[in-house]
Amino acid sequence: MSMELEHVSFTYSKGTPYEKEVLHDISLTIEKSDFTAIIGHTGSGKSTLIQNLNGLLHPTAGRALIEGTDLAGKSPEARAARSKVGMVFQYPEHQLFAETVYEDVAFGPRNLGLGEDEVERRVREAMAFVGLDYEALARRSPFNLSGGQMRRVAIAGVVSMQPEYLILDEPSAGLDPGARRDVFREILELYRKRKMGMIMVTHSMEDALQFATRLIVLNDGRVFLDGKPADLFRERRQELIRVGMDIPEIYKLADALRAAGIDIPETITDRAALVKVLRRRKGGK
Amino acid sequence: MLGDITLGQYYPGNSFIHGLDPRTKIIVTLLSIVAVFLAQSVAAYAILWAMVFFVIAVSRLPFLLVLRSVKPLLFIIVLTLAMHVLIGQGETVLYQWKFIRVTEEGVAMGVKMSMRLMLLLMFSSVLTFTTSPIVLTDGIESLLRPFRRVGVPAHELAMMMTIALRFIPTLLEETDRIIKAQTSRGADFQSGSLLQRAKNMLPILIPLFISAFRRADELAVAMEARCYHGGEGRTRMHQLAYRRGDVAAFGFAVVLLALLALLRWGPLARL
């Protein structure tokens, strides 16, 4: 179960003076079992990449496949393949339009041509998954909710289509810490319980370290680094810093301590472990 | 999807014409347009074409780019030509078949009219190619200022234009994103009856309006927070100032206009 990009290049405005190649010959296999984080500078091609992954854009060279089916084209198979990938854009609450939360979440399932019973079942389930109380909120206008709730309604609108993969573009942008935590809890829930393949674009190395099982770093339209987040931060952080990328605070702190002559093992990836090492050191003295 | 739409057609450069004051360019363009309307004789058109080429050369714009500005009105130009050629008035009939009557005068008139349209487009596109929309608005505001006394809200008009120009790309981007988001939720904008298709647009239009209002609101607050209170007593960062080049440009326009006037009414009219 995987998505594949085979030698994908993407050029905007091909054949005009404004032609610009933003992806250069990218080959990737994204496993459904992974929580993949995609990180890169603004303009590194992240947005273009994810739009190629769900068929909103089609590669100008190469192919994008899901379970072996090409996403491009008008055939029913290609359409079905595209519908396996849900996409939550940045600030998805800006796409809400319906009079009630129910209607908005039901938009996707209705477009799938499902019967009203099934639509309702899916709306209930999707709302439950993102932690929205159906009885209290389904009949309310989505525009009178809090920012965090609006975002969850928007995510529910994608989840209700029951995609096999979910692409999230900066799902926590602009949320306060509480709402952020809630949104991530629900995303993890979808990943662990519903077994949705997760692909998350983020600017936050902390989020990548905390949630992702695989980290893809894009730079200049190419895959710059690819691997387990902890491995990349442990072994390749100099390269990340060199291309102007941030690394998680915990690694910065550990490096600073090392520079000050304190011996910190390279395996440290979280605060608790670091505190433990420091305590032991102090106790040993 | 909407990325192909280019608004404003500013073509950055640092030629003599790029550096002129926007007011100069607007007035010179207006004078040139008057000159185009004065032209009647072959000699007059020859001068105008020479001037267009001269101006394009000085502006260092790619010639084809300026020529392409004729394209949106190509249909009308061809239609004008065809109408005059096919059902022209005049004595010297060159060809006649049923109601179609090709006359020498008709052909001449058709060629003149279509050349006139092309010249108008090319002169005015040099203005828009060499002046960024913001600078152009500044120029318009400055030129309209004397009319404030008779109730023309010059500053407000200019501010509205500036804001509209500023937000068009933003809204296009937003539209693009909303279309994509709804498409990935299975929305279909292409099929169905006209009414159905109009209804299908709602998931795009409603979020778009909401975001436009939200942006307008935020912008209003941001402007008020910085004490914006209209044009009264407002100074500007880029002061418009006429330089020596502007005098030359005005000179060019006056000479052109005088020449065309002479060719029409003066002793040169028989050329």
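**Close-up views of chains A and B**

**View 1. The contact between chain A and chain B in the predicted model.** In this predicted model, the contact draws 19 residues from chain A and 17 residues from chain B. On the side of chain A that touches chain B, the elements giving two or more residues are α3 (101-111) and α6 (147-159) of chain A. The largest share of that side comes from α3(A), which supplies three residues. Sorted by class, the side of chain A that touches chain B consists of eleven nonpolar and eight polar residues, with no charged residues.

**View 2. The packing of helix α1 against helix α6 within chain B.** Helix α1 of chain B (residues 22-38) packs with helix α6 of chain B (residues 133-144) at an angle of about 75 degrees, and their axes are 8 Å apart. Because angles of 65 to 115 degrees count as roughly perpendicular, α1(B) and α6(B) are therefore described as roughly perpendicular to each other. From α1(B) the contact takes P22(B), R23(B) and I26(B), while α6(B) contributes V135(B), L136(B), D138(B), G139(B), I140(B), S142(B) and L143(B). By class, this contact of α1(B) with α6(B) holds six nonpolar residues, together with two polar and two charged ones.

**View 3. The two parts into which chain B is divided, domain 1 and domain 2.** Taken over C-alpha atoms, the centres of domain 1 of chain B and domain 2 of chain B are separated by 37 Å.

Technical notes. Residues are numbered from 1 along each chain as its sequence is written. Chains are lettered from A and ligands numbered from 1 in the order in which they are written. This is a predicted model: local features need pLDDT of at least 70, side-chain atom pairs count only at pLDDT 80 or more; totals for chains, interfaces and linings use all residues. Axes are lines fitted to C-alpha atoms, for helices over the stretch in contact, and angles run from 0 to 180 degrees between N-to-C directions. Helices (H or I, at least four residues) and strands (E, at least two) are DSSP runs, numbered from the N terminus. Angles under 35 degrees count as roughly parallel, over 145 as roughly antiparallel, 65 to 115 as roughly perpendicular and the rest as oblique. Two residues are in contact if their C-beta atoms, placed from the backbone, lie within 7 Å. Ala, Val, Leu, Ile, Met, Phe, Trp, Tyr, Cys and Pro count as nonpolar, Asp, Glu, Lys and Arg as charged, and the others, Gly among them, as polar. Domain bounds come from an automatic or database domain assignment.
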